[in-house]
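My notes follow in the sequence I took them.

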Amino acid sequence: MSSPARISLAGLATAALVLTSAATAAADFDDTIVNEPSPARPGGAVDLTVSIRDEVADGIGRVTVESPALTGKTEVLKRHFGHNKADQAVIHTEGRVRCGARPGTYPLTVRLDGAKKPAAETRLTVTGSAAAGCTDDAPPTSVPGLDLSLNTGGREPQRGSEAVFTIAADRATLDAYDTLTLRSPAFATPAKRATKRFKEGKGNGGWTELAGMVRCDIPPGTYAVDLTPDDDTDSPLVSAKLTVPEAMDPGNRDFCAGPRSYKGAIDRTSETAPDEDEGGGGGGGFGTAAVVGISSAAALVAASVTYWLVGRRRKRDADSW
């Protein structure tokens, strides 16, 4: 008869320690989440968003995002953390793909307080090749005859307000694209302008002013603003920088604390307002006039049918006498 196996207390303690460590490792990745960025070309900007459970974020001082595909590590200090309604600290930041990065998939890692062990991981896909003249020190400008500049008006755009940019383009650029779009991790939504709406400028080119709404939850810092053609999000034609200050005026602070939407805050009467998606006047959808016309026609048809039915009923009643 075999004797029962004996398990020492030391063995039990070791097993418990291993199980606890494994559970902690799993919890780390549950507590910290990093988005998988959209594919980007060498020299292109990459939007990075990290979410950390509040209980974990309270005990750290900085977050670092790194990848061999990026020009360097991106570090965000605790005072620049945002917050969302899911009781999470939210970090919005930006990286830039190395001009010499080859197409492929690269690891993207998040570390808390410089720890060796990653708190979260995802991947970054690099596609295409770098634009001519690409350097890792500055955003590329690959299209001659195209300029993008910020109109500060003497003050930096704050969270909850609009950042207005001037776009100047030569005739070749305006003829090559139907729309140009401002994109930035600092903006609530991309801002689009049809090239046919550009005003005549010097020479044979044109210009316009276009505003992007700065997000309320974006941490103070400097962000890239890319001008992209049509619906292409990966190939900026020209880039500029936007610095979001820590200070906020009372009006902007009230807006960010209130229930109003970004869309409702845009002044649609302003020439700097982004173009809305065309729904009528040749856009393939129904405009206001079309809807009114269809409604009127439907009402007329309904009235005619009612009149015909009533007439038939009266005739049938008369014949029955």
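**Cores.** I began with the largest nonpolar core, which has 26 residues; Ile52, Val63 and Val110 touch the most other members. I counted a nonpolar core as a set of buried Ala, Val, Leu, Ile, Met, Phe, Trp, Tyr and Cys residues joined through side-chain atoms within 4.5 Å. Buried means under 20% relative accessible area, exposed over 50%, and partly exposed in between (1.4 Å probe, protein chains only). Two or more residues of this core come from each of β2 (45–53), β3 (62–66), β6 (88–96), β7 (104–112) and β8 (120–126). Helices (H or I, at least four residues) and strands (E, at least two) are DSSP runs, numbered from the N terminus. I also noted a second, separate core of 24 residues, with Ile167, Leu174, Val238 and Val244 among them.

**Ground rules.** The model is predicted: local features need pLDDT of at least 70, side-chain atom pairs count only at pLDDT 80 or more, and totals for chains, interfaces and linings use all residues. Residues are numbered from 1 along each chain as its sequence is written, and side-chain values use heavy atoms, with hydrogens and water left out.

**Contacts.** What does isoleucine 52 touch, not counting residues up to four places away in sequence? I found Asp31, Thr32, Ala57, Ile60, Val63, Gln88, Ala89, Ile91 and Leu112. Contact means heavy atoms within 4.5 Å. I then turned to threonine 32, in strand β1 (residues 32–34). Threonine 32 is buried at 2% relative accessible area. Leaving aside neighbours within four places in sequence, its contacts include Val50, Ile52, Val110 and Leu112.

**Sheets.** I traced an open sheet of 4 strands, in the order β9-β10-β14-β13, with antiparallel pairing. Two strands pair if DSSP finds at least two bridges between them. β9 (146–151) and β13 (199–200) are the edge strands, each pairing on one side only. Between β9 and β10 I found 6 bridges. Asparagine 151 stands opposite valine 164 in β10.

Next I checked strand β15 (residues 221–229). It is mostly covered, with 7 of its 9 residues buried. β15 pairs with β11 in the antiparallel sense over 4 bridges, and leucine 182 stands opposite leucine 227 in β15. With strand β16 (residues 238–244), β15 pairs in the antiparallel sense over 7 bridges. Aspartate 226 has serine 239 in β16 as its bridge partner.

**Aromatics.** How many aromatic pairs does a search of the whole structure find? I got 1. The ring centres of phenylalanine 165 and phenylalanine 187 are 6.4 Å apart and the planes are at 70°, so the pair is edge-to-face. Rings of Phe, Tyr and Trp (its six-membered ring) pair if their centres lie within 6.5 Å; planes under 30 degrees apart count as stacked, over 60 as edge-to-face and the rest as tilted. Phenylalanine 165 is buried at 0%, and phenylalanine 187 is buried at 4%.

**Salt bridges.** I searched the whole structure and found 12 (a side-chain nitrogen of Lys or Arg within 4 Å of a carboxyl oxygen of Asp or Glu). Arginine 123 forms one with glutamate 36, the closest N and O atoms being 3.2 Å apart. Arginine 123 lies in β8 and glutamate 36 in the loop between β1 and β2, so the pair ties together parts 87 residues apart in sequence. I also logged aspartate 275 with arginine 197 (2.2 Å, N to O). Aspartate 275 is buried at 17%, whereas arginine 197 is partly exposed at 44%.
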